[in-house]
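Here are a few exercises to work through with the model open beside you. Try each task before you read its solution.

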Amino acid sequence: MSQQISVRIDNELYTATEGRTILQVAADNGRSIPTLCYLEGLSAPGSCRLCLVEVAGVGRLLPACTTPARSGMSVTTNSDALAHNRLMALELLFIERNHVCSVCVSNGHCELQSMAQRLGMTHVHLPYNFPRLPVDVSHPRFVLDHNRCILCSRCVRVCDEIEGAQVWDISARGINSMLVAELDRPWGEAQSCTSCGKCVQVCPTGALVEKGQAVEEMTKRNRIVTDLAVKRGART
Amino acid sequence: MRKPRLATMWLDGCSGCHMSLLDVDEGLLTIAAKAELVYSPLVDAREYPHDVDVAIVEGAVSSDEDLEKIRLVRERTRILVALGDCAITTNVTGLRNPLPLKSIFDRVYIDGSDVEKVHPTEGLPTLLKHAIPLHDVVKVDLHVPGCPPSAPLILHVLTELLDGRMPDLRGRRFG
Amino acid sequence: MPIRDDSAFDAVRHAGIAKLQPGRPRIAIGMGTCGTGNGAEGVFHAFDEAIGRRGLDVQLVQTGCFGFCAEEPLVNVWVPGEALVILHRVRPDQVGQILDGMTGRALPNGLILCKVEQWDHITARLDYGSGYTSVLPWDEVPFFKGQQKIVLRNCGLINPDDIEEYIAIGGYGSLRKVLRESTPEQVNEELKAARLRGRGGAGFSTGIKFEYLRKAKGDRKYLICNADEGDPGAYMNRNELESDPHSLLEGMAIGGYVTGARHGIIYVRAEYPLAVHRLNVAIAQAQEYGLLGDNILGCGFDFDIELVEGAGAFVCGEETALISSLEGRSGRSRPRPPYPAERGLFGHPTNINNVETWFNIPPIITRGPAWFRGIGSDASAGTKVFSLVGKVTNTGLVEMPLGTPLSRFVYDVGGGSMHGHAVKAVQTGGPSGGCIPHNMLDTPVDYEELGKLGSIMGSGGMVVMDEDNCMVDVARYFIEFTHAESCGRCTPCRVGLDKALRTLTRITKGQGREEDLAELDELGRMIRDTSLCGLGQSAPNSVLTALRHFRHEFEDHIRAKRCRAGVCGDLALAPCENSCPIHMNIPRFLQLYKENRLEDAFESVIMDNPLPASTGRVCQHPCESRCRRQTIDEPINMREVHRVIADHVLLSDRFDTMAANVVAKRKPATGKRIAVVGAGPAGLTASFYLALLGHDVVVHESHAEPGGMLRYALPGYRLPRNVLDREVEIIRRLGVQFVLNSRIGADISLADLESRFDAVFLSLGTWKETQVRLSGNDLAGVFGSLHFLEAEAHGRQTDLGDAAVIIGGGNSAIDCARTVIRKGLSATVIYRRERKDMPAIAEEADAAEEEGVKFIFLASPHRIVGEHGAVTAIEVTKTRLGAFDTSGRRRPIDTGEVQVVPCSAIILAVGESADGELAAASGLATKSSGMLDIDRYDLTTSRANVYAGGDYVAGASNVVTAMSYGKEAARSIDRHLTGEPRFETIFPAFTYDQAPPEPIPCARHHAHFLPPAVRAKSFEEAVSALRPDEAHAEASRCLRCDIRETVAHAVSRG
């Protein structure tokens, strides 16, 4: 039987089960901390840096998705400095690749877009990169559009941790990082792909989508994919 | 007291934002009552006038001519509004940005032409390497999102501005 | 045979001592990578061959590096009973000499670096013997002075491939001690008490880290040595591994005992093949001797070590990425918690430490924690090894107690900068670190102090930079590195560093925007605060420290489109042009002159420089210090060539035609009226260009003639007045009006000028002499240099008696001294520093000495002695050179020794400053120093339409610097008055007749000095111009650095 602890989040005192992360404790109590890479039911890579929070007595910012809540911890999830950093991280995601919402099948159902709305973004200050990126349409049912990918690695994790196929990985380094199927072959030729579509459902943007969808038509059901894992109490 | 002087400007965009402005319908009468329209693609004035109070600008900055225009607008305007996604993110006009200019010109004027297969050289403004958002070049006071922004939103923005208030559009939508 | 008991251990130790100090001579060659890179293998083979051929009974072995990499190959020569002698820069052809002189103390003198009579290996002491009395002990060689070798205790002395030599100097004794005498808890307490901190850069307490692992639950635990040293310019770990691998193994084995880990892994760069090889040899030997593996030393303790080669990713130096890499995954960082101590390699508790941390453990066990704590500073105990590289004379590995000031590294150990250039900054901590400016070099080097300046100690990289380094480019370089090495996992590091790189690259190309700086700062802080691992968190340090300490360099790139260091290729035509304050197109006039196009050459010269004949005589010529020709022989004599070009026209009957040619370039009248106050070099230059741009210019000058300091402070033997008159005449013909004998503040007011003119340019110069607080300075016979020179220029005699003493070391001091000599009197210059520190042009000082001027250096005035109200002598105190100050010069220190110099007059040439009256009266804003507060790019003052420049705002400098303000003022005033960038349009363009030619291989041509005896008696011009043939040949020496690319003509190869 896990121990119960009490944690203060934004000056509210909550009781939580030891071992839950700050993000989970907040969510359990109806407080949502912004995140894009985290998805309940999958492991947390701590990579998008949107969920960084301040913890009293700790000199640096901590990712809520990987930091376990500890007894007596006092967490601030929203300060001016945090809001500034979050907006900037989001701006960096927008400038990195080509997110042209008005022609995107996920327009209106995109987590990146709604995050921009949620964080009050009116425009992107930094100049855009406008890289030239390929679109992989080799799979019979799905499309991989690198222009929309934010490298959150949800697809990599769901394929590894739930489907067990390990089709996806991220190749290269730094700004040249790219999602690749198997050892960088067209998705349609990836022998390990079971075409289960889990990666498409968990993808937060229009990077992994079903074929045959028009602008604004692609909706996703990411919770269905991970729901069982959550129920089984799988790794978080 | 003189009425606020209003201008609208059309840079690299599809004119959809201006269409949406017209969609304001009877709201136009409200706007007309509050402001004097001194410059617009919809009126005759040839030169962008001095001393403009509010300018709403549609479209991205794509050519040297756009660049000159937007700088002039900024110089002569108190409140500059980026109207619609092309002006804010470059949106559709920015779809060409990842491609080299030459390949675009070749596609249109060489591959796509049956007769004279040449790049146009005269009478056309020079394209910039990238279409860029307004705020990359000038200070923008308000961003009005949408492709196009809805008529009610435009009406709201204009009414507020012409009444001397700065609307807060954060959290409405993006992209 | 595994060692299981004391007698076996002692037997091995004695065998080792017999190798280190055999009964015959021993020669050890430093064969680390640095040694072999400098030819040590050739030296080894030469010794091997010669010893064999001569049948000598000599032991020849390899050793590691003794640390002084700049002096490799190093060779240790030891003859029983004598001191160990270290030879440096040994070549294979010197081997014979060495063998000949080895016995009988006759080693070639030039090769001897130092001697070692006794060595403290910390774990043991070794006596070599005495002798070689005239040779410096190692720790008195400047490079080693103050170094304390704890980590490097064995490097360069023992054979790294021989475990017995390691055991001979106390090796594995610490391991044996802890296994026999202490519990793991006790050892852990000792390490905590020693306050050893992680040497990889983070500085976390090693003892506490060990405790975490010791207390962690799990039946399998790992110890890892992080030997993935990847910082550019840092190679401490490589040398340590190559020179002394067993110290690492012993440190790790002790770590295993303390923490309960049985598995050790060394993660070493694959790019260090020699280190990998030596480690493999060492591990195999340690296993063979029972010092690794099961039942170590018969004590029932099991520990083994495995070596893994890293595949070259910088980020794998980060502990979680390193673990990922060891697990066979791509090297990407992961969030902590969980920390490796809880869940590390393959999910097991793990401890990771840097090579150097492990090296420190055996000495702490031997000597105890109190000993270790006694070294270094309070918070940072012990020593740290740094790789000192960059623009210093001595490069190499330096081990110093923590807390040593940076200046000791740079000036004492490093021997100061190379080529006499000024040190600008020191970069510490590699790509994750930052740059510390020269005025902060007294900062103690430890974890906390460097952190306060925005830098880090990191793993110990230390790169010295001088004025040839552009700090924007340095920041760009490091961001390029970290951006390429970012693993790409987290957003700020992946996208943010890329964005920062794009911005920095734009700035170095001259396309920066002013808002870029705020954006870089904001982005840098965000990346630092939000990145996932140490790479991203520290990567912005290079930009943030550069912005903090070198912001003006960024502004130069953005606002003036200039890179003073001349590094950013897009911003400079050639090094000479870039270093010229008025940016003359030097390669162009040289080429035109070479093509015999004298008139074109003159046009090129005068349009760049309205006073070409004057500057051709008196310019400080900074161009020469950057001329690339000096890498072949000597710099081009550029100044003398433009003097020849200018003289040919100005002093000939071509003058009227060419002057008309210049006047014809005047743009149509704009109707704008501009007042220039002060007709010195700055005012004349501004007037010239403003008139060319079509403005009406009126110059107000307080003297009777235009020229300012050129006319009234420079003696006629340097600058004949007719030369200056001709230059002024061209400016008059351009329409510039001169109102002479008109002093602002007295005859005219600034308010009056402001009301009558569209713009006012203030270039009043520095006519106020610095007062010296000196007893007796009110005596008759004490003069200011400017007062004296001005009187001379007016032809008024100053009564100096028969012997004058001049105080100061600048050009004005030399001018006074040479003028005094010409009056038939004796002249003595007294300067408080050394000759090489004098600000005067070196040729001028040389000429003065030839003419009979006497110099007293390292002396400062103490008191002026007089009788009956007149000077009879000056008392000076001798100084000696003390520690380096932050300007890189040694600070003169009073010795108290007084010298009396009899004299009849004293001329004080200690500087001039601007008169503050005008500013005070007119309310112009000033800085705390009392100087006018201006924008240093557009020269605007606090009052609209009033501009200021020249010495008046910058302090006394030199002619060409003052002119550069005039040029900028013209650009800025015209831009503001017309609203258009018109300035660049007045400059002519030329095409060349010749294709870029090969530079000719002749020596530099010097201008012709009159014989000293003749010129010392005459006010005639002392230096005559180059002859045309000489000037032509001189121009042909130019390497044409302005040419960026040549189009190769397609050649048909049939």
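## Exercise 1: Where chains A and C meet

The contact between the two chains draws 20 residues from chain C and 24 residues from chain A. Keep in mind that this is a predicted model.

**Task.** Find which helices of chain C each supply at least two residues of the side that touches chain A, and describe that side by residue class.

**Solution.** 
1. Start with the helices: H17 (471–485), H18 (491–508) and H19 (515–530) of chain C each supply at least two residues of the side touching chain A.
2. Next, look for the largest share, which comes from H18(C) with seven residues.
3. Then sort that side of chain C by class: nine residues are nonpolar, six are polar and five are charged.
4. Two pairs of chains touch, and the pair A and C has the most contacts. Chains B and C do not touch, and their nearest C-alpha atoms are 11 Å apart.

## Exercise 2: A sheet in chain C

**Task.** Work out the strand order of the open sheet formed by three strands in chain C, and explain why one side of strand E29 and of strand E31 is left without a neighbour in the sheet.

**Solution.** 
1. Read off the order, which is E29-E30-E31, with antiparallel pairing.
2. Now look at the edges: E29 (859–867) and E31 (890–902) of chain C stand there with a single partner strand each, so one side of each has no neighbour in the sheet.
3. Zoom in on one pair. Strand E30 (residues 870–884) of chain C is joined to E31(C) by nine bridges, and the two run antiparallel.
4. For a landmark, find C:Arg880, which stands opposite C:Ile893 in E31(C).

## Exercise 3: Two packed helices

**Task.** Describe how H24 (residues 586–594) and H28 (residues 638–650) of chain C pack, and say which residues make the contact.

**Solution.** 
1. Two packed helices are described by the angle between their axes and the distance between those axes.
2. Here the angle is about 55° and the axes are 11 Å apart.
3. H24(C) is therefore oblique to H28(C).
4. The crossing of H24(C) and H28(C) is left-handed.
5. H24(C) brings C:Ile586, C:Phe589, C:Leu590 and C:Tyr593 to the contact, while H28(C) brings C:Met638, C:Val641, C:His642 and C:Ile645.
6. By class, this contact has seven nonpolar residues, one polar residue and no charged ones.

Note on methods: Residues are numbered from 1 along each chain as its sequence is written. Chains are lettered from A and ligands numbered from 1 in the order in which they are written. This is a predicted model: local features need pLDDT of at least 70, side-chain atom pairs count only at pLDDT 80 or more; totals for chains, interfaces and linings use all residues. Two residues are in contact if their C-beta atoms, placed from the backbone, lie within 7 Å. Helices (H or I, at least four residues) and strands (E, at least two) are DSSP runs, numbered from the N terminus. Ala, Val, Leu, Ile, Met, Phe, Trp, Tyr, Cys and Pro count as nonpolar, Asp, Glu, Lys and Arg as charged, and the others, Gly among them, as polar. Two strands pair if DSSP finds at least two bridges between them. Axes are lines fitted to C-alpha atoms, for helices over the stretch in contact, and angles run from 0 to 180 degrees between N-to-C directions. Angles under 35 degrees count as roughly parallel, over 145 as roughly antiparallel, 65 to 115 as roughly perpendicular and the rest as oblique. A crossing is left-handed if the near helix is turned anticlockwise from the far one by less than a right angle, and right-handed if clockwise.
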